[in-house]
Every structure is written in C-alpha cells, then in structure tokens.
Amino acid sequence: MLEVTKLGKSFSGFVAVGDVSFTVETQQIAAVIGPNGAGKSTLFNLITGHLPPDSGSVVLDGRDITGIQPHKICGLGLGRSFQRTNIFPRLTVFENVQAAYLVHRGRGRDFWSRAESFYRDETAVLLASIGLQGRESTVAGTLSYGNQKQLELGLALASDPALLLLDEPTAGMSASETHDTIALIEKIASERALTLLFTEHDMEVVFQIAQKIAVLHQGRLIADGDPAEVRADPEVRRVYLGEH
Amino acid sequence: MKNLAARVPWTLVVFLLALTIPWLGGRYYTFLATQIVIYALFALSLNLLLGVTGLVSFGHVAYFGIGAYFCGILMKTLGVPFFIAFPAAGLGTGLFALVFGYFCVRLTKIYFAMLTLAFSQIVWAICFKWNDVTGGDQGLPDVPFPDLHWIASLPGFSHFRIGDQFYFLALVLVMLCVAALRRLQSSPFGRVLTTIRENRERAAFVGVNVRRYELAAFTVAGIFAGFSGALFGIFNRGVFADYVFWSKSADVMIMTILGGMNHFWGPAVGAAVLTILNQQITSYTEYWPFVLGTILVLLLFVFPGGIMGALDAGWTRLRHRRSNA
Amino acid sequence: MGGLTAAMFLFLIASGLSLIFGVLRVLNFAHGSFYMLGAYLAWQIVHWVTTATGHFWLAAIGAAAGVAILGGVIERCLFRYLYDREELYQLLFTYALVLILGDAAKFAWGTEQLSVSRPSLLNGGFEILGTIVPYYNVFIIATGPLIALGVWLMLTRTGLGRMVRAAALDREMLDALGANVGWLYTGMFMLSSALAGLAGALVTPIQGIVPGMDVEIIVQAFIVVVIGGLGSFWGTFWGSVLYGQVLSFGILVFPGFSLFSVFALMAVILIVRPWGLFGRPIR
C-alpha cells in the first residue's frame with residue numbers, strides 16, 4: 001500500500017530524515033517509533049506532502065505521490081490526523097464533518113445551493129461510528145480534548161482514505177481514554193479495511209496493536225520488523241534504554 | 001425564537017424597509033441612506049475575505065477605486081450608458097482582483113496584508129498621477145447620473161428627483177449583490193471558505209486547494225467592491241484619488257468589525273452606524289479621528305464581536321435567564 | 001534635506017519598527033505617531049526652556065524620554081492585554097493609536113507648522129564640491145547609524161538582548177524559564193518608542209513639524225522594513241538606503257512616478273522574496 005524509498009530531508013545541513021525506506025502492506029497496522037527528535041513528524045510531513053523531500057520517493061498504492069501537494073494527496077486516498085488537535089473550532093461538529101464530505105465529493109465549487117442539505121446521512125453515520133452521535137450541533141472548539149481527537153479522526157475518515165496516518169493519536173490522554181481511543185481505531189480500521197500507520201510515544205499501545213514497527217533514530221531507520229524482532233533488536237534497546 | 005429569526009427573509013425585509021426612506025424622510029435622509037447602502041456593500045464584500053475566509057486585506061479600497069474609475073471613465077469620458085458601464089466596472093475590477101490576488105494568496109498573514117497594501121498604494125499612485133486617464137490629482141469630476149427618467153413614470157414615483165431615483169437604483173443593485181453574497185456564503189463554496197478561516201492546514205488536508213479558494217474569494221470580493229465603487233463614483237458626483245488612499249481601507253475594515261464580522265449583516269450594520277456617527281460628529285467637531293480611534297479601542301477591548309456580536313451575546317444571556325427563572 | 005540625511009532618519013525610525021516586529025511580532029502603526037510626538041515634545045521643551053544654552057539637547061533627550069514613558073504606559077495598561085488575541089486586533093489597536101494620538105497632537109499644538117532652530121553648536125556648514133553641507137546633517141549622518149548600531153549591539157551581545165531575541169522566538173519557553181517576559185516587552189516597546197521620539201526631535205531643525213508627518217513617515221518605514229526584511233537590522237539599513245536611491249532614481253526616470261516606484265519595489269520584493277533582502281526565509 002505504501003512504499004517509502006530512500007526518503008531524505010535536511011534543513012541547512014541538519015539531517016532530519018536520512019535515507020529512510022520501508023513498506024506498509026495493505027490493511028496492515030504499522031507504527032513508527034523513536035525518541036524525541038528522531039524525525040517522525042518530519043517523516044509524516046514528507047509522506048503527506050507538507051514538506052517536499054530532498055531525495056527519495058513515496059508511492060501510495062502504486063502511484064508516485066512524492067512531493068505532491070497535500071490537498072491532492074488527500075484526494076488520492078491518504079488521510080491524516082495531526083499531533084495538535086486539528087479541527088475547525090468555530091464550526092459545529094456536524095459542519096466539521098460535512099465540510100470534509102463537501103470537499104471530497106467535489107461539491108466545493110457549488111456556490112449556489114444551500115450547504116446544509118448535503119450529506120446529512122453520511123455525516124450522521126460517520127459521527128455515530130466514531131462515537132459522536134448526538135453532538136452534531138456542539139461547537140467543535142467546546143468539545144473535550146478526547147472528543148476533539150475523535151472528531152479529528154472523523155475528518156480524516158470522511159475523505160474515504162485507504163491509508164490512514166495518525167500522528168500520536170493518544171497524546172495527552174489518560175489510561176482509560178487511551179484504551180477507548182485504541183479500541184475505536186481498531187474497530188474503524190477493520191470496519192473500513194484501512195491500512196494504518198501511526199507514531200506513538202506510548203510503547204504499550206504500540207506493542208499492543210502494531211503488526212509492524214519501524215524505529216527511527218536521528219533521522220535514520222535502525223530497525224524494521226514485527227514487534228518481537230524489534231523488541232529483541234540490540235540497537236533498539238540501546239537507543240531506548242534510559243528513555244523508558 | 002432564534003429559529004424564527006433565522007427563517008425571516010431578512011434581505012427582503014431590509015430591502016422593503018429601505019425602500020420607504022425617500023417617502024418618509026427628506027432629501028438629506030435619502031442622501032445618507034444612499035451612502036450607507038453603498039458602503040454596506042463595500043463592507044460586506046470585505047467581510048467575504050475577513051470574516052468568512054480569514055484573509056486580512058489592507059488594500060481592499062483598491063477595488064472600490066478601480067470600480068469607481070472604471071465606471072466613471074466609461075460613463076463620463078466615453079459616454080457609455082450605465083447599464084453597460086456598471087457590469088463592465090465590476091468585471092474589470094474582478095480582473096484586477098484576479099491578477100493582484102494571484103500574487104497575494106501565495107503569502108500568508110502579515111505578508112499577505114502588506115502585499116494587498118502595496119498593490120492598493122500602486123493603484124492609488126497611478127490614479128493620482130495618470131492625468132490623461134484618471135484626471136490625476138484633479139480626479140474625474142461631474143460623472144453623469146444614469147438616465148433614470150423612466151422611474152418618474154412609475155405609479156407613486158412621479159415626485160422624485162434624480163437624487164431619490166438614484167437611491168432606488170442603488171438600493172436595488174446593492175440588494176441584488178447582497179442576496180448573491182448571502183447565497184454564496186451559505187453555499188458549499190462558502191462553507192469551504194470558513195474551513196480555511198478556521199484551520200488552513202486542516203482544510204488543506206481534507207482536500208481543499210486553499211490557494212485556489214482564496215483567490216476565488218479575493219476575486220469575488222473585488223467584484224462586489226468594484227460595484228460599490230462604481231455606484232459611489234456617481235453618487236459622489238465624481239471620482240477622486242483620495243478615495244483610493246489606504247486610510248479608506250482602514251475605514252471599511254473598522255465598519256466591518258464594528259458591525260461584527262461573524263454575522264452576515266454585521267458589516268452592513270457597521271456601515272450604517274459609522275456613516276451616521278460620522279455625519280453627526282463631524283458637524284460638532286473636527287476631531288472625528290479621535291472619536292473613531294476611541295470607538296475602535298472600545299471595540300477591541302470590550303466588544304470584539306462588534307454590534308451583532310454584542311446583541312447575540314445579550315440575547316443568549318437573556319434566554320438563559322429566562323430558562324433559569 | 002539631503003538624500004543621505006533623509007535615509008538616516010528613515011533608518012533610525014525603521015529600525016525601531018523592525019525591533020518591535022522582531023520581538024512582539026506586530027507592525028506598530030503608531031510608531032510614526034511617536035516620531036511626531038517626539039518632534040512636538042522637543043518643540044515644547046525648547047519653548048519652555050528658552051534661555052538656557054544647550055536647550056536643544058535637553059529637548060531631544062526629554063522628548064525621547066517623554067515618548068518612551070508614553071509608550072510604556074500604553075503597553076502596560078492596554079497593549080499587553082491584546083497579546084493572546086489575533087494579530088489583526090493588535091494591528092488595529094496600533095492604528096487606533098494613530099488616530100487618537102494624531103488628534104491629540106492637533107489639539108495640543110494646532111495645525112500650523114512649527115519649527116525648532118538648530119543647536120548653536122552645529123550651526124553653519126562647510127563647502128564641498130561647490131555645495132554647502134550643513135554640520136547638522138553631518139551630525140545626523142554620523143549619529144543615526146551610531147545609535148542604531150548601539151541598539152543592535154545591545155541586542156546581539158548582551159544578556160538582555162539574548163533574552164529579547166529568545167522571547168521573539170518562543171515566548172512561552174522564556175516565561176517558563178522564569179524570565180519576566182512582561183517587563184521585557186514593556187522595555188522593548190519603550191526603547192522602540194524612544195528611538196522614534198528621538199528621531200522626531202532630531203528632525204525638527206531640518207523639517208517643519210506638521211500634522212500628517214506621522215502617517216507620511218510610517219508608510220515609508222513600512223516599505224523599508226519590508227524591503228530589508230522584517231526584524232533584520234542590516235536589512236533596515238540597506239532598505240533605507242535603497243529606498244532613498246529608488247525614490248531619487250524614480251524621480252529622474254519617471255518624473256511623477258517616484259511614488260509608484262517605491263510601492264512597486266515593495267510589491268516586487270513581497271512577490272519574489274517576501275522575507276526581504278536580509279530576512280530569514282519563511283518558506
């Protein structure tokens with residue numbers, strides 16, 4: 001589903017991401033981990049088109065998406081959630097998700113019809129599937145942190161992605177919230193046959209659900225394999241000892 | 001109650017109410033009303049950028065001016081009749097907005113604002129100096145009124161003079177523009193614009209080509225500003241370069257914020273209030289800038305949502321009190 | 001006033017503007033108003049202290065101090081409450097100040113042009129290549145950059161300066177580290193206002209004091225900082241020089257279009273290299 005080949009990006013001599021290559025199979029749940037500053041966010045930004053890479057390529061489902069603008073990549077089946085909650089704060093929950101549908105289904109150019117009538121059913125269904133049913137008219141900015149994260153997931157899902165990138169989905173959450181979020185993500189991933197790639201600091205979460213783990217350290221890939229392999233890898237242990 | 005308020009066709013109501021002014025008031029009120037109506041359109045066009053899309057433009061007066069000069073030159077210098085000159089002015093302004101906007105939307109925040117200002121001052125400098133076409137610092141005096149004699153033949157309208165007749169024309173044209181803007185803002189396109197305002201980055205990652213939408217908004221806002229400028233040139237009996245100076249951009253921005261940029265009618269309310277206040281206060285004192293500055297400070301610190309925002313908040317509080325009682 | 005002298009005044013003013021932008025991330029429209037107030041204050045002080053010698057220098061320092069205090073009060077009592085609001089609100093506040101201060105000056109000093117005579121120390125001039133160069137102008141050309149250089153050195157070489165620059169990059173971090181960011185901002189605002197006030201005081205012997213000088217100078221200062229790069233010291237310097245050159249060049253080549261040429265330059269820079277000639281690339 002996703003093939004990253006020799007991806008590289010430097011900022012004025014500082015190598016943020018260097019020569020990273022890995023693949024994610026269809027419907028696989030993969031994680032990218034690494035200590036702070038390892039380049040995880042940069043890697044995500046390179047994949048989703050927010051940063052143009054200096055070298056290497058990104059291929060999504062057979063299609064080269066290297067350096068393509070984010071809004072186009074979104075349309076090609078890649079969804080993403082961000083580290084800091086990224087929603088539309090002054091719009092209602094309904095309007096948030098509906099907007100995503102409007103854009104994805106190509107209705108954005110319609111400047112004549114009334115917006116409220118479109119995609120009501122789809123929005124309701126999506127909101128129910130992420131656990132926000134009944135909150136349609138709540139202003140998004142007033143939601144709790146956890147609910148906002150759910151909404152953000154909804155925004156990513158509205159574009160009907162095949163691959164979903166999640167940037168620290170359980171950041172700042174309590175143990176129970178983390179549990180709920182992970183359960184929700186797993187449920188959605190299986191319901192929609194999604195391929196998942198996420199980054200996380202919470203190692204328990206990672207080893208709980210990831211089928212494949214890539215480890216970044218100072219911009220370079222130091223390990224890549226299933227959880228057991230990664231856990232046993234000596235370099236990984238060296239890098240992480242002292243961190244956890 | 002709020003749902004009831006939402007179902008009232010406000011555009012029609014405002015139109016009908018405004019229509020009665022020449023019958024009720026004297027020539028002074030018609031004059032004031034014409035000015036308000038024109039500035040209301042100008043402010044509403046700015047709000048498409050400011051309140052809806054979140055684009056802070058310091059150079060919106062450029063399109064007001066281009067529309068005014070376009071229409072004025074067509075009508076006065078070239079003798080083109082109004083019903084051609086007016087739409088041509090709008091389209092011509094739209095073209096400028098498209099070109100300028102193309103460069104502006106490649107920037108964000110303060111840089112965007114500065115470039116809009118730079119373009120606006122370029123327009124001003126050209127209008128100020130191009131004696132042959134724009135009349136330079138003398139401007140374009142005596143822009144003719146359109147031929148409106150036919151209004152006198154309408155039943156009940158026979159006693160109106162050209163000032164009132166022009167008011168009716170301006171009112172109808174402005175209301176059509178307002179209706180169009182209303183439609184635009186509640187459309188899917190308008191909804192996408194609000195996502196850009198709320199979170200540009202997120203909008204891009206639900207698939208919005210942010211630059212393209214911003215350019216579209218910029219152009220549309222320019223067209224409507226051009227329409228308001230065209231009307232103003234005639235109303236003012238002339239087009240002069242100082243109407244394109246950047247301080248006018250600040251004035252219209254204050255109008256928009258005074259009325260409330262989070263509400264569709266906010267800018268129109270702001271235009272009305274500010275115009276009336278200006279008329280009243282300048283008759284007592286020359287220190288209008290001081291008053292305006294103070295109003296602005298009050299707005300920023302106490303009523304950031306403007307008049308409509310304050311009304312909204314007051315209404316919500318009243319409702320809560322009623323439901324708690 | 002000679003082109004170079006004008007450029008130095010512009011540089012003095014623009015560097016204050018750039019300083020404030022670098023620290024507070026806001027373009028202070030009222031910077032030109034502080035300049036104007038500095039001029040009026042200087043005139044007022046000279047008016048009160050007519051008999052003492054050296055009253056010009058007293059007036060200059062008094063004006064700078066007076067404006068600095070005003071700036072400090074405005075920042076402490078009003079401006080600081082807008083810091084967490086959108087940038088637009090901060091900008092509009094500075095514009096409101098322009099309106100208010102402009103009328104306040106008009107109310108206090110009227111609309112007639114005022115002037116201040118040159119300090120006796122710097123009267124007269126010397127002849128070079130057939131033209132007379134006033135000593136005062138030479139003084140400005142020498143001191144202008146000296147003052148600005150002093151400020152720049154303070155910013156880059158001292159601990160205080162380092163804190164200022166840190167605050168510009170990450171206010172919250174600095175706050176967390178225990179530095180009193182609030183007073184830092186106030187201090188910088190006062191310094192920037194003092195620079196503007198001083199420039200206003202120093203310009204009085206060369207240029208008449210009139211209402212409208214606030215708006216006239218701020219537009220020029222905006223163009224300069226955009227060309228040079230917002231927040232860059234050397235950018236402001238070269239921007240001022242370039243501005244003067246383009247203006248005179250424009251007058252030569254397109255007489256009547258010199259106005260147009262500086263705004264066109266501003267637009268070109270923003271299109272091609274928005275971070276200015278010396279700024280840090282933002283893309």
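Biologist: Which residues touch the most other members of the largest nonpolar core?
Modeller: Bearing in mind that this is a predicted model, the residues that touch the most other members are B:Ala40, C:Ile13, C:Ala42 and C:Met266, in a core of 283 residues.

Biologist: And which helix gives the most to this core?
Modeller: That is helix α12 of chain B, residues 210-235, which gives 16 residues to the core. In chain A, domain 1 (1-77 + 161-244) and domain 2 (86-159) both give residues to this core, so it lies between them.

Biologist: What is C:Ala42 in contact with, leaving aside its neighbours within four places in sequence?
Modeller: C:Ala42 is in contact with C:Ala59, C:Ala60 and C:Ala63, with C:Val116, and also with C:Gly200, C:Ala201 and C:Thr204.

Biologist: Switching to the chains, how many residues does the contact take from chain C and from chain B?
Modeller: The contact takes 27 residues from chain C and 27 residues from chain B. On the side of chain C that touches chain B, α4 (87-109) and α11 (258-272) of chain C each supply at least two residues, and the largest share, 12 residues, comes from α4(C).

Biologist: What's that side like by class?
Modeller: The side of chain C that touches chain B has 23 nonpolar residues, along with 2 polar and 2 charged ones.

Biologist: Back to the domains of chain A: what separates their centres?
Modeller: Taken over C-alpha atoms, the centres of domain 1 and domain 2 of chain A are separated by 26 Å. Their contact takes 10 residues from domain 1 of chain A and 9 residues from domain 2 of chain A. On the domain 1 side, the largest share, 4 residues, comes from helix α6 of chain A, residues 175-191, and that side divides into 7 nonpolar, 2 polar and 1 charged.

Biologist: One more topic, the sheet in chain A: in what order do its strands come?
Modeller: The 4 strands form an open sheet in the order β2-β1-β4-β5, with antiparallel pairing, and the edge strands, each pairing on one side only, are β2 (14-24) and β5 (63-64) of chain A. Strand β1 of chain A, residues 2-11, is joined to β2(A) by 7 bridges, and A:Val4 stands opposite A:Phe22 in β2(A).

Biologist: Which helix packs on the sheet?
Modeller: Helix α1 of chain A, residues 40-47, packs there, touching β1, β2 and β4 (55-60) of chain A, and its direction makes about 65° with that of β2(A).

Conventions
Residues are numbered from 1 along each chain as its sequence is written. Chains are lettered from A and ligands numbered from 1 in the order in which they are written. This is a predicted model: local features need pLDDT of at least 70, side-chain atom pairs count only at pLDDT 80 or more; totals for chains, interfaces and linings use all residues. A nonpolar core is a set of buried Ala, Val, Leu, Ile, Met, Phe, Trp, Tyr and Cys residues joined through C-beta atoms within 7 Å. A residue is buried if 20 or more other C-beta atoms lie within 10 Å of its own, exposed if 12 or fewer, and partly exposed in between; C-beta atoms are placed from the backbone. Domain bounds come from an automatic or database domain assignment. Two residues are in contact if their C-beta atoms, placed from the backbone, lie within 7 Å. Ala, Val, Leu, Ile, Met, Phe, Trp, Tyr, Cys and Pro count as nonpolar, Asp, Glu, Lys and Arg as charged, and the others, Gly among them, as polar. Two strands pair if DSSP finds at least two bridges between them. Axes are lines fitted to C-alpha atoms, for helices over the stretch in contact, and angles run from 0 to 180 degrees between N-to-C directions.
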